[in-house]
Amino acid sequence: MFSRKSRVGRNDPCPCGSGKKYKQCCLRNKKTPDVKHTPDYYLRRHQVILKTPEQVEGIRRAGVLVVDLLDRVEQMIRPGLVTDEINAFVDEYTRSHGAISAPLNYRGYPKSVCVSVNEVICHGIPGEWALKDGDIVNVDVTPILNGYYADGNKTFFVGTPNADARKIVSVARESLRLGMSVVKPGSTVGDIGWAIQQYAEGQGCSVVREYVGHGVGLKFHERPDIPHYGHPGRGLELVPGMTFTIEPMVNLGRHSLYVLDDDWTAVTEDGSLSAQFEQTLVVTDAGYESLTPYDLEKSM
């Protein structure tokens, strides 16, 4: 049943994750415990923290604040709004709800939120830039509430969008929905990337390679990485308790990019529009739950 290295004692916690002692669970039932899907195995082998129900609840509470922030920012968006006004609102509103903004001072990032306009793919730094009619703007928030992190973003229209803006926002939103739709125990990270890549490229768009989704919950960035491209059946197997973001960055043109001299702002190399949507998920026994749930079917 077990190698010498993986032998389980009678009084040890059963590796199947039931919470019972081994002698009272799989040993009594003469079953081989599912060692490869246990929290200990995933942490030791893959550096992935499978969350307890209590930890998931903490992330879920932080996720409520994520959705609230995005809803309130959406109400602010208008031509003439200065992006630093979004930062000031997110910072103050987050603090007023007993949380702090994870991006602030993270590896030297100077603001509490990422605001990425038009050809900016991600990590746009809020400043004196005023939004214009026809722009698209992505707002990415990550509050830390009682030690738990939740991460989410949306791309909004500023005023009246043109056809290109409508297309890229629609494709990015649907890319996230399709990526989420394959999440369930037994699926793989590659299944997520494949679903997104096949759809986005089928619409004549491209998927950014340099930035990926990531584990989240107890830290800002955890394992596993979640690329938005890939091959079905490849990569880490998804198991209940795994928490991560899916956040496809989709370009209207080529996927190549460059980073500005501020060492943060990533921009499409060809100047094409880029859009992104993101939610934080937990894998459940039945599939998944979004811990930052907002409507991906919504007409924007």
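A residue counts as buried when its relative accessible area is under 20%, as exposed when over 50%, and as partly exposed in between, using a 1.4 Å probe and protein chains only. By that rule, 53% of the 300 residues of this chain are buried. The model is predicted: local features need pLDDT of at least 70, side-chain atom pairs count only at pLDDT 80 or more, and totals for chains, interfaces and linings use all residues. Residues are numbered from 1 along each chain as its sequence is written, and side-chain values use heavy atoms, with hydrogens and water left out.

**Confidence**
- The predictor's confidence in each residue is its pLDDT, from 0 to 100.
- The chain averages 92 on this scale, and 90% of the residues score at least 70.
- Over residues 1-6 the pLDDT is below 50. Beyond near neighbours in sequence, this stretch has 9 contacts in the model, a contact being heavy atoms within 4.5 Å.

**Overall form**
- The radius of gyration, taken over C-alpha atoms, is compared with a globule rule of 2.2 Å times the number of residues to the power 0.38.
- A compact globule of 300 residues would have a radius near 19 Å; the chain has 21 Å, which agrees.
- Along the principal axes, the C-alpha atoms fill a box of roughly 70 × 45 × 35 Å.
- Take the contacts between residues at least 6 apart in sequence: 65% of them join residues at least 24 apart.
- The accessible surface is about 13,800 Å², and carbon and sulfur atoms hold 49% of that. The areas come from the Shrake-Rupley method with a 1.4 Å probe; for residues, only the protein chains shown count as cover.

- The chain has 5 helices and 17 strands. These are DSSP runs, numbered from the N terminus: helices are H or I with at least four residues, strands E with at least two.
- Two strands pair if DSSP finds at least two bridges between them.
- β8 and β12 (residues 249-251) are joined by 2 bridges. Val207 stands opposite Val250 in β12.

**Cysteines**
- A disulfide is a pair of cysteine sulfur atoms within 2.5 Å. The count here is 0.
- Cys122 is in no disulfide; its nearest cysteine sulfur, that of Cys114, is 7.5 Å away. Cys122 is buried, at 6% relative accessible area.
- The sulfur of Cys205 lies 17 Å from the closest cysteine sulfur, in Cys122, too far for a bond. Cys205 is buried, with a relative accessible area of 6%.
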